[in-house]
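Subject: Structure handover

Hi,

Here is the structure for you to look over. My notes follow below it.

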Amino acid sequence: MVVLNKIYTRTGDDGTTALGSGERRPKYDLRVSAYGTVDETNAAIGVVRLHLADNPALDRMLGLIQNDLFDLGADLAVPQREGKAERLRMLVSQVERLERDIDTLNAELAPLTSFVLPGGTPAAAYLHLARTICRRAERIMVELAARPDEPVSEAGIQYMNRLSDFLFVASRFQNDKGAGDVLWVPGQNR
């Protein structure tokens, strides 16, 4: 259980922040950017959920995802090191659940005949926004993982890759199962 008695500590006033391991890093550090952008993805999903009164099944899926994103933030905040006690890590089972949810939603969608522009219902538009933030988080995580001595969970990277797919499929599902999608018309405005 996490207990937060005091919200401000003043320890970050010098431009650093503490990882979950206690190590201090600059606030612009790539690892901090990674878990910060995962948190941003989570916040965008919270906005989506405000628009899902008509879709409790999707709301439930997104609630599970929000919890997973906190798990991922914890995973990123404590770099895995040799000889150190294991902390909370992302699991392949979380990726597999996302894949099942993608398949469930996608089974009801008509095949795409064009690229989809972000839009449609408010929930679908916000799902697209969450998807783009998710992709940014994934790019940052991959860049971090490419650095020596900066371990990133393989399951965490897979999760973010699948999550962007989930958010795309969910946006189509929320757009009247694809019937309300806004399709790209190449060269329409020439």
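The protein chain has five helices and four strands. Starting at the N terminus, the order is β-β-α-α-α-β-α-α-β. Please keep in mind that this is a predicted model.

**Overall numbers**

- Along the principal axes, the C-alpha atoms fill a box of roughly 50 × 40 × 30 Å.
- The chain has 190 residues, and 42% of them are buried.
- Take the contacts between residues at least 6 apart in sequence: 71% of these join residues at least 24 apart.
- The accessible surface is about 10900 Å². Carbon and sulfur atoms account for 55% of that surface.
- There are 23 positive and 26 negative side chains. The centres of the two sets are 4 Å apart.

**Helix α3**

Which residues of α3 are buried? They are Gln 94, Val 95, Arg 97, Leu 98, Asp 101, Ile 102 and Leu 105. Viewed down the helix axis, these buried residues fall within an arc of 160°, so they line one face of α3. The general rule behind such a pattern is that an α-helix has 3.6 residues a turn, so residues three or four places apart point the same way. Arg 100 and Asp 103 sit on the other side of α3 and are exposed. The cover over the buried residues of α3 includes α2 (56–77) and α5 (154–174).

**Arg 97**

Arg 97 is a charged residue to check, and its place is in helix α3. Is Arg 97 buried or exposed? Its relative accessibility is 16%, and the cut-off for buried is under 20%, so Arg 97 counts as buried. Leaving aside residues up to four places away in sequence, Arg 97 touches Leu 64, Ile 65, Asp 68 and Tyr 159.

**Gly 120**

Gly 120 lies in a loop. That loop runs between β3 (116–117) and α4 (122–145). What does Gly 120 touch, not counting residues up to four places away in sequence? The list is Asn 175, Gly 180 and Val 182. Pro 79 is 41 residues from Gly 120 along the chain, and their C-alpha atoms are separated by 40 Å.

Best wishes

Technical notes:
Residues are numbered from 1 along each chain as its sequence is written. This is a predicted model: local features need pLDDT of at least 70, side-chain atom pairs count only at pLDDT 80 or more; totals for chains, interfaces and linings use all residues. Side-chain values use heavy atoms; hydrogens and water are left out. Buried means under 20% relative accessible area, exposed over 50%, partly exposed in between (1.4 Å probe, protein chains only). Helices (H or I, at least four residues) and strands (E, at least two) are DSSP runs, numbered from the N terminus. The arc is that of the directions from the helix axis to the C-beta atoms. Contact means heavy atoms within 4.5 Å. Accessible areas come from the Shrake-Rupley method with a 1.4 Å probe; for residues, only the protein chains shown count as cover. Lys and Arg count as positive and Asp and Glu as negative; His and the chain ends are not counted. The place of a charge is taken as NZ of Lys, CZ of Arg, CG of Asp or CD of Glu.
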